[in-house]
Amino acid sequence: MATAAAEACLRKGLTLAPIGLTGPDIEPSVINVVDNESGKSASVRLIPSSSEEEKDSALIGLKIGAVGGGNLVAIDYTHPSAVNGNAKWYVENKLPFVMGTTGGDREQLMTDVGSGDNFAVIAPNMGKQIVAMQAALEELAVKYPMAFEGYKLEVTESHQKTKADTSGTAKAVIGSILELSGDNFDVESDVNMIRDDDKSMAFGVSKEALNGHAFHTYTLTSADASVQFALQHNVEGRTVYAEGTADAVKFLYKKIGEGGSGKIYSMINVLEEGALE
C-alpha cells in the first residue's frame with residue numbers, strides 16, 4: 001500500500017521525501033518508486049523504524065530540507081501493532097501525518113494525537129466513493145435512527161492474507177448500521193473475516209487481486225425473513241486508496257498553510273472540502 005500511495009503522490013505533483021521508515025525486522029535498502037502513468041520516479045532510502053538514532057537523525061535532515069518541516073507530511077500504512085507507537089513519534093516530533101493504518105488502540109490514538117497540537121488525517125478508508133458512502137450512512141443513522149429496528153445484521157469481508165485485523169471500514173459502516181437497526185451485533189466476534197485465497201475467490205475476488213482487495217457485504221434481514229437489504233462495496237487493487245491518500249496529503253498542506261492550531265481530520269472532512277480529486 002505504501003508504494004501505491006507513493007506513486008499516487010508523484011502522479012499528483014507531490015515530492016517524495018528521500019527517506020522512509022520500514023518495519024523493524026527489514027534490512028535498510030533503497031527503492032525506486034516509479035509512476036508509470038506520469039513517468040515520474042524517485043529513489044527512497046528505507047530505514048528500520050526500530051533504529052531510533054538513525055530515524056531521529058533522518059527526520060532532522062528532512063525538516064531542514066523542507067524549510068523548517070512545514071512542507072513535510074508522513075504517510076502511515078503499517079501493521080496494526082505499530083499504530084500507537086508511530087503516532088506518538090509523529091506528535092513528539094511535530095510531524096503532520098496521514099494515517100490509513102487500521103487497528104491498534106483507536107481511543108488512545110485519538111487522545112495522543114489530539115493532545116499534541118498535531119495536524120493529521122486519520123481514517124480507516126481513503127477511497128473517495130467509499131468515504132462518501134460512509135458519510136451518507138452516518139447522516140442516515142442520525143436522521144432515521146432505528147429505521148431498521150428488528151432487522152438482523154450479517155457482515156462478510158475479504159482482504160488479502162497479510163491484513164491482520166478486521167477492516168476499519170467495516171467497523172465504521174457497522175457502527176452506522178447498528179444505529180439504524182439496534183441489533184446486538186458484536187463487531188469483534190460476529191464479522192465473517194476471510195483471509196484465505198480459496199475462500200476469497202469463492203466470494204468473488206479475482207485471482208489477480210488476491211494480494212490486494214477489499215470485498216464487503218452487509219446484509220440486514222427482517223425478523224420474519226421476508227425482507228432483506230444488502231450493501232456491497234468491492235475493490236480490487238489499491239489505486240482508489242492511494243489516490244485518496246495523496247489528496248489527503250494536499251489537504252493537510254493547505255490546512256497547515258492556513259495556520260492555527262493542529263487538528264485531527266477525517267476523510268469526510270477532506271471530502272466535504274472538495275479536496276478529493
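Predicted model: local features only at pLDDT ≥ 70, side-chain atom pairs only at ≥ 80, totals over all residues.
At least two lining residues are supplied by each of the helices α4 (106–114), α5 (128–143), α6 (168–181) and α9 (267–272), and by strand β11 (264–265). Sorted by class, 10 residues of the lining are nonpolar, 7 are polar and 3 are charged.

Strand β11 also belongs to an open sheet of 4 strands, in which the order is β4-β5-β6-β11 and the pairing is parallel. The edges are formed by β4 (74–76) and β11; each has a single partner strand, so one side of each lacks a neighbour in the sheet. Within the sheet, β5 (residues 97–99) and β6 (residues 120–122) run parallel and are joined by 3 bridges. Phe-97 is placed opposite Ala-120 of β6. Helix α8 (residues 239–257) lies across β4, β5, β6 and β11, and runs at about 145° to β5.

Thr-166 is located in the loop that links β7 (152–159) to α6, a helix that contributes to the lining of the second largest pocket. The relative accessibility of Thr-166 is 9%, which is under the 20% limit, and the residue therefore counts as buried. Apart from neighbours within four places in sequence, the contacts of Thr-166 are with Thr-102, Glu-157, Lys-171, Val-191, Met-193 and Arg-195.

Note on methods: Residues numbered from 1 in each chain as written. Heavy atoms only, no water. Nonpolar A, V, L, I, M, F, W, Y, C, P; charged D, E, K, R; others polar. Buried < 20%, exposed > 50% of the residue type's maximum accessible area, 1.4 Å probe, protein only. Contact = heavy atoms within 4.5 Å. Pairing = 2+ DSSP bridges. Axes fitted to C-alpha atoms, helices over the stretch in contact; angles between N-to-C directions.
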